[in-house]
Amino acid sequence: MENDLFDDISTGEAAAGESEYRAVFVKNTSATDTAYAVKVWIASNTPATSTHLQIALADEGVANTIETVANENTAPTGPTFDDAEDEANALTIGNLAPGQAHGLWLKRTVTATTVAFANDTGTLRVKANTAA
């Protein structure tokens, strides 16, 4: 997720520390097939020890909407963030019919007094079955 979802950490952000939030959707783009037992996890967290990713399922459930927050530093109301560090600890979305989507929140925490770290990336993984 290098600069795809989260920007570079500014000097001020690194000094003070902060949490930033992003909303994305997991969508079944098939026109005909249901995605069964959909789950999502953080396949690789940030390599920097001073930053950390967590994820949470949006409270809206299967919907094409997600809560609007005031700014990137405002946490969504309700979702519980989790480390979901591997498939065994993945967050379960359930089934997604063709065209359906489920919101997902990402949280990046930057520890105060962070030093610069090049290529501080992370990887999400989504898995689904094509048969019930």
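Trainee: Happy to look at this predicted model with you. At 28% relative accessibility, is Glu72 buried, partly exposed or exposed?

Mentor: Good place to begin. Buried needs under 20% relative accessible area and exposed needs over 50%. Glu72 has 28% relative accessibility, so Glu72 counts as partly exposed.

Trainee: Which class does Arg22 fall into, at 15% relative accessibility?

Mentor: The cut-off for buried is under 20%. Arg22 is at 15%, and therefore Arg22 counts as buried.

Trainee: Which residues are joined with Arg22 into one network of salt bridges?

Mentor: Arg22 also forms a salt bridge with Glu20, where the closest N and O atoms are 3.6 Å apart. Glu20 is buried, as is Arg22. Through shared partners, the salt bridges join Arg22 with Asp7, Glu20, Glu72 and Arg108.

Trainee: Let's turn to Lys39 and Glu87. At what N to O distance do their side chains meet?

Mentor: Lys39 is in strand S2 and Glu87 is in the loop between S3 and S4, 48 residues apart. Lys39 counts as partly exposed because its relative accessibility is 22%, and Glu87 counts as partly exposed at 31%. Their side chains meet in a salt bridge at 3.1 Å.

Trainee: Nice. In what order do the three strands of the open sheet lie?

Mentor: The edge strands are S4 (91-96) and S6 (123-129), each pairing on one side only. S2 (residues 35-44) runs antiparallel to S4 and is joined to it by four bridges, with Val40 opposite Leu91. The order is S4-S2-S6.

Trainee: Finally, where in the chain is confidence highest?

Mentor: The mean pLDDT of the chain is 92, and 97% of its residues reach 70 or more. Confidence is lowest in helix H1 (residues 11-16), at a mean of 84. The highest mean, 98, belongs to S4.

Conventions:
Residues numbered from 1 in each chain as written. Predicted model: local features only at pLDDT ≥ 70, side-chain atom pairs only at ≥ 80, totals over all residues. Heavy atoms only, no water. Pairing = 2+ DSSP bridges. Helix = DSSP H or I, 4+ residues; strand = E, 2+ residues; numbered from the N terminus. pLDDT = per-residue confidence, 0-100. Salt bridge = Lys/Arg side-chain N within 4 Å of Asp/Glu carboxyl O. Buried < 20%, exposed > 50% of the residue type's maximum accessible area, 1.4 Å probe, protein only.
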